[in-house]
Amino acid sequence: MLAALEGKLPERQPITIPTFGIWSDKDDFLWESQIKNSSKYVTAEWQYERVEGLGHWFMLEQPEKTNRLLLDWLVKH
């Protein structure tokens, strides 16, 4: 934390493995632009999924849906 306050963070390294981001439209803590803009740090395959009507803890609200999304992604990779 101190390094961040002093501006001494290490240089960001690109993410070089396939990456899957999930965001819910009722998330009160993260903005959709944050997850979408994450793609600029990924040099491998990037997939983004927006889920409707769930909050920040969507994986607890609808674990079956979350598991389905994750398992579909994992089967491809």
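With which residue does Lys36 form a salt bridge, and how far apart are the closest N and O atoms? In this predicted model, the partner of Lys36 is Glu32, and the closest N and O atoms are 3.9 Å apart. The count of salt bridges comes to three, and the residues Glu32, Lys36, Arg50 and Glu52 are linked by them in a network.

**The pair in helix 2**
- Helix 2 covers residues 32-37 and holds both Lys36 and Glu32.
- The two residues are four positions apart, which corresponds to about one turn of the helix.
- Lys36 is classed as partly exposed because its relative accessibility is 41%.
- Glu32 has a relative accessible area of 19% and is therefore buried, the limit being under 20%.

**The link between helix 2 and strand 2**
- Arg50 also forms a salt bridge with Glu32, with an N to O distance of 2.9 Å.
- This pair joins distant parts of the chain, since Arg50 belongs to strand 2 (residues 46-51) and Glu32 to helix 2, 18 residues apart.
- The relative accessible area of Arg50 is 35%, so this residue is partly exposed.

**The contact with Glu52**
- The side chain of Arg50 meets that of Glu52 in a salt bridge, again with 2.9 Å from N to O.
- Glu52 is partly exposed, as its relative accessibility is 48%.

**The network**
- Glu32 takes part in salt bridges with Lys36 and with Arg50.

Definitions and conventions
Residues are numbered from 1 along each chain as its sequence is written. This is a predicted model: local features need pLDDT of at least 70, side-chain atom pairs count only at pLDDT 80 or more; totals for chains, interfaces and linings use all residues. Side-chain values use heavy atoms; hydrogens and water are left out. A salt bridge is a side-chain nitrogen of Lys or Arg within 4 Å of a carboxyl oxygen of Asp or Glu. Buried means under 20% relative accessible area, exposed over 50%, partly exposed in between (1.4 Å probe, protein chains only).
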